[in-house]
Amino acid sequence: MTYPGTPLADVVRMSLRPKMEVSFYFLSSSCLFLFCILASALLLLFKKPSSPTILQSYPLIGTLPHFIKNCNRVLEWSTELLAASPTATVTVAPMVFTANPSNVEHVLKTNFDNYPKGGSIVSALHDFLGRGIFISNGEQWKVQRKTASFEFNTKSLRAFVLHAVRREAVGRLVPLLRRASRSGEVVDLQDVFERFAFDNICSLVFDQDPSCLLGGNEEGERFFHAFDEAAHLCIDRAKQALPLVWKLKKWLDVGSERRLRESMSTVHEFVDMFIYLKRRRGAGDGGDDDLLSRFVKNGEQSDEFLRDFLISVVLAGRDTTPAAITWFFWELSSRPDVVEAIREELRSIRSKQGEKRTDEVFALEELRGMHYLHAAISESLRLHPAVPLLPRVCERDDKLPDGTKVCKGWTVMYNSYAMGRDEGIWGEDCKEFRPERWLEEGEFQAVSAFRYPVFHAGPRMCLGKDMAVIQMKALTAIILEGFEMELVEERGKHQLSVSMRMEGGLPMRFRERQAGTKAFNLIK
Ligand code: HEM
């Protein structure tokens, strides 16, 4: 394994530090470049774009000033532009933003091969994810997708997921909320959900329990923090308007790039160790329902393949589900009517169970039957998609269904946040949180994934969708049956990282419910 910070980079770094000898040529061309950027940024500040769908481009520097001005608010910026565009598509060459379902279908399905993953996000994540499913294309992606789809669709994996959720919820989450409700302590529910999800995904992927929710396992905490830091620093790379800056820092092995190298190396060490232990113990010996055991048992994949694949899966599932459920609980905190409707559905399912089961957690089939809860979760994801913006890179010149021209090498970015708030797709009440819009005669009705690409769409659609919905339903049922909750500080601003988190966390106070289930003492 080679990392940045090679001997050559060290030599250069050492020689640059004492006296930065900058040539006259470099200095003058840098000044000219900076002058162009400043001049254009000023122009941009005082001048309105001439067209709502094609943003102004400047001599020499093209659309760079737009990106520099908005690189820390790409989501808000692109949403504003899309709302003002009659076709819900805006060109800021070399980028096209779209919230148009026909364009989304074209890019994600009809012309799938022409829009692989690439660009700044892939180069930013490459050191961390290697050739993992999340950023690979072509044959490399197909092989992983095929094997993973098979495993993700097995009944035994779903049962395993639910078992892990129950164990974590009943053994850790409920006692934690009970303690907080008795002491009056405020709980950051976002942090709780993130720790819960990390424990959960590590059980599913490696059969390892870092017990982050308990906060008691030193090695588990080290793994949790290293993963968190590596993921966030990679995304910070992708957000920079000038990738050259992070590439230079990486080459010099300084600042955030040094921290990133260290955290990635910690994550890689842990995952290598899990693979080694699993191979040594032999899959089938003990717990063999986790993904790593399934891959070790079924194939002859190399350790490197396994590591890249597994880290990708952890990344895909670790941030998205907690972000989604945090926003859901934020919506619930101001909607007692929705909370009551969910409780009513839970009561009605419990009443079918008969007396002997009133203190048990719900089974898979019962969770599937929760139509209103499914509608409420989908409604929250519509307004607060965990992955609000996704890019694809165009391989050959193309034209989108609405007539937008896309040149080779350009990035097409679809914005599911803007799509979720689009009147054309959802009607006049599109800004309202109204779970009923998903129900027909009490049954949940899905919509086309191209109009609602919250879990992506087409051949690369999210593999963990069902699993995530099961997890969110089970968790919500356990919390709402057992506790009343109250938001203690105003929240609602988003913070864009691996997924769309809530800025400042979600501080909640809990109170045990008299009418809640008597105990959560059984793990089925
Ligand atoms: C609410 C929760 C979730 C949301 C909103 C979500 C959303 C998404 C989205 C938008 C993508 C496309 C990403 C891209 O192409 O760059 C994706 C892909 C993926 N997701 Fe999820 N996800 C969720 C939970 C999960 C979970 C829990 C897992 C695994 C246990 C998972 C596994 C994956 C994988 C493996 C891919 C890559 C698929 C491929 O490229 O072929 N996801 N997800």
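Modeller: One convention first: a helix is a DSSP run of H or I, at least four residues, and a strand is a run of E, at least two, numbered from the N terminus. The model is predicted, with local features needing pLDDT of at least 70 and side-chain atom pairs 80 or more, while totals for chains, interfaces and linings use all residues. Residues are numbered from 1 along each chain as its sequence is written.

Biologist: OK. Which strands does helix 8 lie across?

Modeller: Helix 8 (residues 155–183) lies across strand 3, strand 10 and strand 13. Contact takes C-beta atoms, placed from the backbone, within 7 Å. The angle of helix 8 to strand 13 is about 90°, taken between N-to-C directions of axes fitted to C-alpha atoms (for helices, over the stretch in contact) on a scale of 0 to 180 degrees.

Biologist: What makes strand 3 and strand 10 edge strands?

Modeller: Strand 3 (187–188) and strand 10 (483–487) each pair on one side only. Pairing requires at least two DSSP bridges, and strand 10 has 5 bridges to strand 13 (residues 507–512), running antiparallel. One of the bridged residues is Glu486, whose partner in strand 13 is Arg509. The open sheet has 3 strands in the order 3-13-10, with antiparallel pairing.

Biologist: Why is helix 18 called roughly perpendicular to helix 21?

Modeller: Helix 18 (residues 371–383) and helix 21 pack at about 110°, their axes 10 Å apart. Roughly perpendicular covers 65 to 115 degrees (under 35 is roughly parallel, over 145 roughly antiparallel, the rest oblique), so helix 18 counts as roughly perpendicular to helix 21. Leu373, His374 and Ile377 of helix 18 meet Val469, Met472, Lys473 and Thr476 of helix 21.

Biologist: How many residues of each class does the contact of helix 16 with helix 18 have?

Modeller: Helix 16 (residues 336–353) packs on helix 18 at about 145°, with axes 8 Å apart. Val338, Ala341, Ile342 and Glu345 of helix 16 touch Tyr372, Leu373 and Ala376 of helix 18. By class that gives 6 nonpolar, no polar and 1 charged; Asp, Glu, Lys and Arg are charged, Ala, Val, Leu, Ile, Met, Phe, Trp, Tyr, Cys and Pro nonpolar, and the others, Gly among them, polar.

Key. Contact = placed C-beta atoms within 7 Å.
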